Amino acid sequence: MPSPHAPETAESASRDHRTAEAPRFSAGAGAAPAEQSGHDAGLLVLRLVIGLTMAAHGSQKLFGWFEGGGLDGTAQFFASSGYPAARTMALVAGLTEVLGGLGLALGLLTPLAGAAVFGTLLNALAVKWGGGFFAPQGVEYELLLTAGAAALALTGPGRLAADRVLPLPRPHRLVHGAAALALGAVLAGAVLLSRS
């Protein structure tokens, strides 16, 4: 055993340098390429399903597509649910669902797109609350979409997303997603408070 006071040799200095700079792997940025690819593919599938579902649902409100009520039918529903300015609310809800859904599907401004869908669905949950958990009267569908939108806002879109080409801070920060969800919840709450 060498003395603690012995001079350092070139061999021991090289060994210590290699040990100190050994790469460390974690589930985040240092993840193996195959693991990261699976993570990105999973987020892409989640974004596409939730985003396109919401965009299609919004197009029912706006245009009457997919056997939807269009603005007039949606406005009647909003009026019967106690919302003031029912036609305006129908337009805002439809636009929020279409634009938020497409934003999620593309991975474009993901925290804001997720928060838009999240806020809209908080209103849907409030309107349907009391009908039990299971569809068609219950809230299981809305709850699942709400949780998925919140998860995407918090995790970010992954690497297979339009956000990768925007000059945004990277990697996705949890604080951005949490702040966007808080904004979505506040706006949803304000809309809910306007109901009679």
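**Entry 1. Nonpolar patch.** Leu106, Leu108, Leu109, Leu112, Leu183 and Leu187 make a nonpolar surface patch of about 550 Å². I am working on a predicted model, where local features need pLDDT of at least 70, side-chain atom pairs count only at pLDDT 80 or more, and totals for chains, interfaces and linings use all residues. Numbering runs from 1 along each chain as its sequence is written, and side-chain values use heavy atoms, with hydrogens and water left out.

My patch rule takes residues with over 30% relative accessible area and no salt bridge; like charges are joined within 9 Å, and nonpolar side chains (Val, Leu, Ile, Met, Phe, Trp, Tyr) within 5 Å. Areas are from the Shrake-Rupley method with a 1.4 Å probe, and for residues only the protein chains shown count as cover.

I looked up one member, Leu108. Leu108 sits in the loop between α4 (86–106) and α5 (110–128). Helices here are DSSP runs (H or I, at least four residues), numbered from the N terminus. Leu108 has 34% relative accessibility and counts as partly exposed. On this scale buried is under 20% relative accessible area, exposed is over 50%, and partly exposed is in between (1.4 Å probe, protein chains only).

**Entry 2. Salt bridges.** How many salt bridges does the structure hold? I find 4. The criterion is a side-chain nitrogen of Lys or Arg within 4 Å of a carboxyl oxygen of Asp or Glu. I took notes on some of them.

Arg159 and Asp40 meet through their side chains, at 2.5 Å from N to O. Arg159 is in the loop between α6 (140–155) and α7 (174–193), and Asp40 is in helix α2 (residues 33–63), so this pair ties together parts 119 residues apart in sequence. Buried or partly exposed? Arg159 is partly exposed, at 38% relative accessible area. Asp40 is buried, at 2%.

Next I checked Glu97 and Lys61. Their closest N and O atoms are 3.1 Å apart in a salt bridge. Glu97 belongs to helix α4 and Lys61 to helix α2, so the pair links parts 36 residues apart in sequence. Glu97 is buried at 4% relative accessibility. Lys61 is also buried, at 12%.

Then came Lys128 and Glu142. This salt bridge has its closest N and O atoms 3.3 Å apart. Lys128 lies in helix α5 and Glu142 in helix α6, so the pair ties together parts 14 residues apart in sequence. Lys128 is partly exposed, with 25% relative accessibility. Glu142 is buried, with 9%.

Entry 3. I went through the loops. Ala135 and Pro136 are joined by a cis peptide bond, with omega about 10 degrees. Pro136 is in the loop between α5 and α6.

Which phi angles did I note? Phe66 is not a glycine, yet its phi is positive, about 55 degrees. Phe66 is in the loop between α2 and α3 (70–80). With 56% relative accessible area, Phe66 is exposed. Ala85 is not a glycine either, and has a positive phi of about 45 degrees. I place Ala85 in the loop between α3 and α4. Ala85 is exposed, at 54% relative accessible area.

**Entry 4. Ser81.** Ser81 lies in the loop between α3 and α4. Its relative accessible area is 11%, so Ser81 is buried. I asked what Ser81 is in contact with, leaving aside its neighbours within four places in sequence. The partners are Val127 and Arg195. Contact means heavy atoms within 4.5 Å. I also checked Ser81 against Lys128: they are 47 residues apart in sequence and 9.8 Å apart in space, C-alpha to C-alpha.

**Entry 5. Helix α7.** I tested the length. At 1.5 Å a residue, the 20 residues of α7 should span 28 Å, and the end C-alpha atoms are 28 Å apart, which agrees. The expected span is 1.5 Å times one less than the number of residues.

Which residues of α7 are buried? I list Gly177, Ala180, Leu181, Gly184 and Ala188. Seen down the axis of α7, the buried residues fall within an arc of 100 degrees, so they line one face of the helix. The arc is that of the directions from the helix axis to the C-beta atoms. The buried residues of α7 pack against α5 and α6. Val175, Val186 and Leu193 are exposed on the other side of α7.

Notes: Helix = DSSP H or I, 4+ residues; strand = E, 2+ residues; numbered from the N terminus.
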